[in-house]
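This report describes selected features of one protein chain. The sequence and the structure are shown first, and the description follows.

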Amino acid sequence: MKPNRLSISCCTLFFSLQTILAQTPSVKTSNPGQLSGYTAQSSKSERDWEKKFQDGISRDNLRENMRRMSARPHHVGSPYDKDNADWILSKFKEWGFDAHIETFQVLFPTPKDRVVELLQPTQFRAKLQEPVVPGDPTTNQTSEQLPTYNAYSIDGDVTAPLVYVNYGIREDYEELDRLGISVKGAIVIARYGEAWRGIKPKVAAEHGAIGCIIYSDPKDDGFYNGDDYPRGGWRPKDGVQRGSVMDTDYPGDPLTPGVGATADAKRLPISEAKTITKIPVLPISYADALPLLSALAGPVAPEKWRGALPITYHVGPGPAKVHLKVTSNWDLKPVNDVIATMRGAESPDQWVIRGNHHDAWVNGADDPLSGMSAVLEEARMLGEMHQQGWNPRRTIIYCAWDGEEPGLLGSTEWVETHLTDLQQHTVAYINSDSNGRGFFHAAGSHDLERLINDVMRNVNDPEKDMTVWQRARLARIAHARNQEDRNEIRKRPDLAIGALGDGSDYASFLDHAGISTANIGYGGEDEADSYHSVYDDFYWYTHFMDADFWYGRALAQTGGTTVMRLADAELIPYEYTDLAETIGKYVTELEKILKDKQEEIAERNLELKEGVFTAVADPHKTFVPPPQETVPPYMNFAPLKNGVEAIKHSADRYQAAVAKAWSDGAPALSPQALALLNTDLLKIQRSFLSERGLPERPWFKNQVYAPGAYTGYGAKPIAAVREYMDEKKWAEADAQVPNVGKVLEDAAAAIGKAADELESAATSGK
C-alpha cells in the first residue's frame, strides 16, 4: 500500500563522505572519523563492524529470498502467506534471533461478485481478468490469485450514466462545476494516479455519485512510457491495479480502531466501520476501460485530462450507461507478524526496530519482496556478526509485517497492542517497502535527517564510482527547478529528507505512537511498472527491475548500517536543528498558502465583477463561472512562529552542549548521567503528540507529521491547521494554531531539558 514507483522523485535523495566531513556543523568533535554519539574509540570499532557487515551482504541470498517468497500468491489469509511467515520465522531463529509469530484477527473482505458492463449505447462486459503470459511461470497460478478488486469497497449493485472525472480528486470536480456537469446519481470513472486510490470513491461519494470505476491509463504506467509486458516491463492492456480503498480516518483493522485486533478484542459492527467506502468501487484495465470511455459524449475533456488511449476523451454524462456490481465475503482473517529480537548488551530496554512487510496482492516480487529480501539479508548478516562477537548496545527488533497491502493491518495492530511499551522503549523505527534501481530516497522525522545523511556517506553506489550520498546530491542539482534551488542544495551541508504521510508500515509508529521514523529505499531508474498485478513476479522483476540485485544489496547495506548506528551509539544520534529548520519551513508554507489564496480569490472576484469570465466564455459551450467568495481573513500564526523559535533555541543549545561534552573525543558524563539523558531523549518525539489527535481524525496524534485526508500517501505537515485551510474553513484553521503552537513549545521544553542535563553533567564532570 505504497505509491506507484513513478511517484518517487529522485529529489528525496543523498550524498558524499569527503565533502560532508568538511562541511557539516558537527554534533561530533573535531575528529573527522568520529561518529555522532560515539567516542573516538567506539567510532573505530563501529566502522570496522559496519565494513564487515556491508562486505558480507550477498546478492545471491537476495535473489534466493525473493524467488522463495514470491513462488506463489501470498495475500492475507492465503496458505502461502502463512507458509512465508513460518519460513521467515525459521530463518530468524537460524540466525540466532529470539523470534515468534504474533497473530491478529482482522476484517479482510474478498470478492464474490464483480460486474462492470456497458448497457448503452452499445453492450460490453468487462473481462476483469489478467491473462496468463506464456513464458512467465507464475502468471498461470489462477486458482490462488486474488481477483482484480478494491478491498473495503462496500457491497453495491448500481446502474447509472457514466461520467469521466480524470484522477477523481477535488480539483477535478471543480473543473466539472465549470463545465456545468454534476455526478449526482452517476457512476464515475477515474484513472489511477495523483492521489491514493481511496480518495477517488471518497470524493465521488461526497459529490453524489453512486459508484466508482478506477482504471489504469497507459499514459501513466503503460505503453506511453515504454514497451508493455512481456516485451517490456510496463503494464499491459489487461493489467489491473488491485488495492485498498479504505478511507483515511485511521489505518489498520476497520473494526478495532485504536486497539489491537486480538482474538478477544471488542469489534465494531461492520455497518459502523468508518473506513469502508460509501459507494461500490472496482478497478479495471485500460482494455476494459476503452469501450466505456469511447461511449461517452458531452464536452471534450480538458487537455490535462487526456490520457494515451486512441480516442477523443469526453466527459459525459451519457450516452454511456453502466452497470456496476460488487459483493464480498466479509470475513475475519489472520495476519501473522514475525517478530525477531536480538537483545542489547548494555541498554536492553532501548529498542531499535526495523521492518518491511511480507504479504502481497499476488506474487509481489517488487512490492514488497524486493525490500523484504534485503531486510532478511540484513538480519542474517547481523546474526552472523553476533556469533563472531559483535554485541549491540541496544536491543534490535526485526519485524516482517503481514497485512500491509489492505491497510497497514499487521503493523498497526501490533503498535496499538504494545503502544505503552513502544513509547517507553523505542529509539527509532526504520521502514522499507519495495525497492528498485537508482537513487537513494528517504523520508521521516527530521530528528533522524543527519543520521541518514551520515549513513549514506558510508554506502557506495553499486553502479557509479561514488557514494550514494554524492550521487543523490548531484541528481538533486540536476533536477532542481531553478538556480535558487540549485544554490541552496550546494550551500546546505545535508540534503533534506521528505515528510512522511501514509502508504506503508511507518504510519502507526510516527503518526500514532510518536516514534522517530525513517522510510528508505532506492528508485528512479526503473523502466517498468506492474504495481499490484499478477505480473509483479520473480520473472518480471529479474528481467526489468533490479535484475542483478545490486540495489537490493545497497538497501540491505543501508538499512543494516542505520540499525547498527542507532543500536551502538553511546548517545542516541538525534539532531534537532534540522528538525527546527524543517518545522519553520512548514509554518512559512502555511503563511504563503494563506497569502496566495487571498490574492487568488481577490483577483477572481474582481474578474467576476469586470465580466471577464462572461466575455471570454465560448457561447457555443456550457460554462459556469466560479462563484464569488469571501477573501480569507488574516490568521494569527504567531503561536506557531514562537514555537518554532523556541525549538530552534533549544536545538542550538542541545547541539552546542553535545559538542562541548564530546570535545575530548569522549563524553564528559558518567554512565548514569548518559543513561538518564538517553531516556529523556526518547521522550522528545512523543512530545509532538496531542492526545486529542487531529480535529476530525483523532487516531492521528502527531501534530507535525500526518497524511492528508484527501491525499492519502502524501504528507500534510501541521495537518490540524493545513487541512482546514484546504477546505477554506479559515476560522477553524485559526483556532487550531494555538493548540499546535503549544505542542511546539512543549517539544522545545523537552529538547531544552536534555540540553540542561548535558550542560550540567559536562560542567560537573559527573
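## Handedness and helix packing

A crossing of two helices is called right-handed if the near helix is turned clockwise from the far one by less than a right angle, and left-handed if the turn is anticlockwise. The model to which this term is applied here is a predicted one. Two packed helices are described by the angle between their axes and by the distance between those axes.

Helix 13 (residues 449-456) and helix 18 (residues 550-568) have axes that come within 10 Å and cross at roughly 125°. The crossing of helix 13 and helix 18 is right-handed.

Helix 18 also packs against helix 9 (residues 365-387). For helix 9 and helix 18 the angle is about 50°, and the axes are 8 Å apart. Helix 9 and helix 18 are therefore likewise described as oblique to each other, and their crossing is right-handed.

## Strand 11 and its partners

Strand 11 (residues 394-401) is mostly covered, with eight of its eight residues buried. Strand 11 pairs with strand 9 (residues 321-342), to which five bridges join it, and the two strands run antiparallel. Within this part of the model, Ala400 in strand 11 is the bridge partner of Val338.

Strand 10 (residues 347-357) is joined to strand 11 by eight bridges, and these two strands run parallel. Ile396 in strand 11 stands opposite Val352. Strand 10, helix 9 and strand 11 together form a β-α-β unit, which is right-handed.

## Val326 in strand 9

Val326 belongs to strand 9. The relative accessible area of Val326 is 4%, so this residue is buried, the cut-off for that term being under 20%.

Val326 and Val281 are 45 residues apart in sequence, while their C-alpha atoms are 7.2 Å apart in space.

## Cis peptide bonds

The peptide bond from Tyr229 to Pro230 is cis, with omega near 10°. Pro230 is placed in the loop between helix 7 (218-221) and strand 7 (243-244).

Asp367 and Pro368 are also joined by a cis peptide bond, for which omega is about 15°. Pro368 lies in helix 9, the helix that takes part in the β-α-β unit with strand 10 and strand 11.

## Positive phi outside glycine

Glu194 has a phi near 70°, a positive value in a residue other than glycine. Glu194 is found in the loop between strand 5 (187-191) and helix 6 (199-206). With a relative accessible area of 63%, Glu194 is exposed.

His532 is not a glycine either, and its phi is positive at about 60°. This residue is located in the loop between strand 14 (517-524) and helix 17 (538-544). Is His532 buried or exposed? At 3% relative accessibility, His532 counts as buried.

## The annotated region

UniProt, in an unreviewed entry, lists residues 636-750 as "domain: Transferrin receptor-like dimerisation". Over residues 636-750 the predicted chain is 58% helix and 0% strand. The C-alpha atoms at the ends of this region are 25 Å apart.

Terms used: Residues numbered from 1 in each chain as written. Predicted model: local features only at pLDDT ≥ 70, side-chain atom pairs only at ≥ 80, totals over all residues. Heavy atoms only, no water. UniProt positions renumbered as here; feature names shortened; annotations may be inferred. Helix = DSSP H or I, 4+ residues; strand = E, 2+ residues; numbered from the N terminus. Buried < 20%, exposed > 50% of the residue type's maximum accessible area, 1.4 Å probe, protein only. Pairing = 2+ DSSP bridges. Right-handed = clockwise from strand over helix to strand, strands pointing away. Axes fitted to C-alpha atoms, helices over the stretch in contact; angles between N-to-C directions. Parallel < 35°, antiparallel > 145°, perpendicular 65-115°, else oblique.
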